[in-house]
Amino acid sequence: MNDMRPLERIVDTDNIKISAKGCQVYYGETHAIKDVDVQIEDNTVTAFIGPSGCGKSTFLRCLNRMNDTIDICRVEGEILLDGENIYDKKVDPVQLRAKVGMVFQKPNPFPKSIYDNIAYGPRIHGLAKSKADLDVIVEKSLRRGAIWDEVKDRLDKPGTGLSGGQQQRLCIARAVATEPEVLLMDEPCSALDPIATSQVEELIDELRTQYSVVIVTHSMQQAARVSQKTAFFHLGNLVEFGETGQIFTNPTDPRTESYISGRIG
Amino acid sequence: MADATANAHKRHGSLTQVDPRTRRRNAAEARFKAYGLAAIALGIFFLVVLAFSIIRSGVPAFTTTVVSLEMNVSPAEIDQAESGMLKTAAYTKLFIAQLGSQMQEQGIGGEVDPEAIGRILGKVGNDLRAFYQANPDAVGEPVDFTVNASSRVDGYFKGRVTREGLVDSRFLVATDLDVVDQLTEAGIITRQFDWGFLLGKDAGVDNPGGAGIGASVLGSFFMMLVVLVLSLPIGVAASIYLEEFAPKNRFTDIIEVNISNLAAVPSIVFGILGLAVFIQFASLPQSAPLVGGLVLTLMTLPTIIISTRASLKAVPPSIRDAALGVGASKMQAVFHHVLPLAAPGILTGTIIGLAQALGETAPLLLIGMVGFVAREFPTGFWDGFVEPNSAMPAQIYTWAARSDVAFYEKAWGGIIVLLVFLLIMNAIAIVLRRRFERRW
């Protein structure tokens, strides 16, 4: 990043993309996320790990305000994206989600053609002026999703007719088609077989060059393979956050060590 | 110790022998299947009986007995008929006179008895007069007329009236049937398909032969247009709002419960509500298909809302997440992705609601859409909404309540017409569902 804005450079010396300060999430009476502070860097893969129900997915969904769709969910504290609080009243979640794309646990292509799956986002955001523009975006996105060669001859075929791994890469391509700056991935490989998983993991590593990637995963091996930073959540708390290598080899918190060595979770 | 281990491996008996418990369970399952089969067989049996009796009783309504005659009326005769008080009766007399002279030429019925001929004929005067008023040029020219025989003569051909069971009355005496037989042999009385029943309008209580269901089919058509145009957009919009946008709180809970309750409100309640609100308060015209459509819209809305909400609910939430995830607004997510997937269910629910409304009778009676109102065809498309008319089920009800047995037959025929329309609507529902159901 060659950011010359002086004020931000003082604050974001380490190229911080997202910064959460005292983030609390409540589901009705349940306190699901307790006082989480985390800083997510640009051009980095950050992994959220932790046992089931620890709040890692909930926190991920806070980052693009997908929790807004749940009536009883309430978020407190600050989450800054490029220094702007995304929970500010002036922020429209629709604009935010164009900037912060998301890939879900289960591949969920639209029941439309492969082309329309990719073209939908650019269309609603007005990114393409003509059909030719749109064709370029679709091809570029499918290439970035590492699926172009497999589907280039059948762009008009339904996206739901692809295999699970192809569908997930299609969803990733769909997410990058709107030119987001951050890509959130909620256990993107949990429904995939090992071969498809390794394809998606390679893809994540490539995406790092252009986006800030946040991935929630149950597999510690996956976190170790793809991420540079790792955050360990437990019972709604952010227990430890640091370099992936350090978390896996030399955790400072005993709970992290227990989880990584398989004693809890 | 060794025994215990051996027993542990032999806790169950041989697989080739069925133990008593398994046998009982299998027997229970077989009994349950038998009950189910019996229930279905009983249902099919009743359906067949119903269909058979409807067709047997209703099909005769589609044929009618007619008297054919070539008439030649002079201008003087017309003037004389028009100058009297009972004009249609004078035309009937003209017809009887000409038929009588033709019978005499062919040697039918011996001495001509105008009263006997009058008993054989249906209500012909009105039709004759209407014809000559519409075609003044035909006066003095030979014209072929085909007019209805009386309902009792019609009944004689359909087996409703028999020689043995006939009680001499001013409507028909036993000797008339001999004349009828001779006229039939001469080819003057014939049976033919009754287009008048399908295309005509209701007739007076003394003229079952002239009654048709056409006008009330149009009444039903205009009502269904009103119901479709109002209930589909309102119902779908309400369901989308309640299902996708409304906050879940006490207020929406109350609305939800009340919509379900409305679906169970007896239709006559909607009828009296329509009478009070649309006719007495809003001063809309009585007996108008517009008002009938409004009342049926109220009745159909809960059905449409319930089925639309069910089909919106059935769309997987992952599709909504996917759309929101790429930055679609909530409305875009609903209209671009959820609604197309829910469309088959919405269409099915709508058509079922319309079919229900098509067969509804009670509320129509309360707002004045009774059968005898359907005496005239609407004069134009827009007039069709406000001019007094009836609807198919109300027409059938009115016919069934009339004293002349011939009307009872018409009621059965009307039911066949109504059922054909319902079957067509259900077929459309199936075709539309097949076409839109692309779950890729």
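Modeller: Contact here means heavy atoms within 4.5 Å. The model is a predicted one.

Biologist: Which residues of helix 5 of chain A meet helix 7 of chain A?

Modeller: On the helix 5 side they are A:I137, A:S141, A:L142 and A:R144. Their partners in helix 7 of chain A are A:L170, A:A173, A:V176 and A:A177.

Biologist: And how many of those are nonpolar, polar or charged?

Modeller: Six residues in this contact are nonpolar, one is polar and one is charged.

Biologist: At what angle do the two helices pack?

Modeller: Helix 5 (residues 131-144) and helix 7 (residues 164-177) of chain A pack at about 130°, and their axes are 8 Å apart. The two helices are therefore oblique to each other.

Biologist: Is the crossing left-handed or right-handed?

Modeller: Helix 5 and helix 7 of chain A make a right-handed crossing.

Biologist: Changing topic. How many disulfides are there over all chains?

Modeller: The count is zero.

Biologist: Are A:C73 and A:C189 buried or exposed?

Modeller: A:C73 is buried, at 15% relative accessible area. A:C189 also counts as buried, with a relative accessibility of 8%. The cut-off for buried is under 20%.

Methods: Residues are numbered from 1 along each chain as its sequence is written. Chains are lettered from A and ligands numbered from 1 in the order in which they are written. This is a predicted model: local features need pLDDT of at least 70, side-chain atom pairs count only at pLDDT 80 or more; totals for chains, interfaces and linings use all residues. Side-chain values use heavy atoms; hydrogens and water are left out. A disulfide is a pair of cysteine sulfur atoms within 2.5 Å. Buried means under 20% relative accessible area, exposed over 50%, partly exposed in between (1.4 Å probe, protein chains only). Axes are lines fitted to C-alpha atoms, for helices over the stretch in contact, and angles run from 0 to 180 degrees between N-to-C directions. Helices (H or I, at least four residues) and strands (E, at least two) are DSSP runs, numbered from the N terminus. Angles under 35 degrees count as roughly parallel, over 145 as roughly antiparallel, 65 to 115 as roughly perpendicular and the rest as oblique. A crossing is left-handed if the near helix is turned anticlockwise from the far one by less than a right angle, and right-handed if clockwise. Ala, Val, Leu, Ile, Met, Phe, Trp, Tyr, Cys and Pro count as nonpolar, Asp, Glu, Lys and Arg as charged, and the others, Gly among them, as polar.
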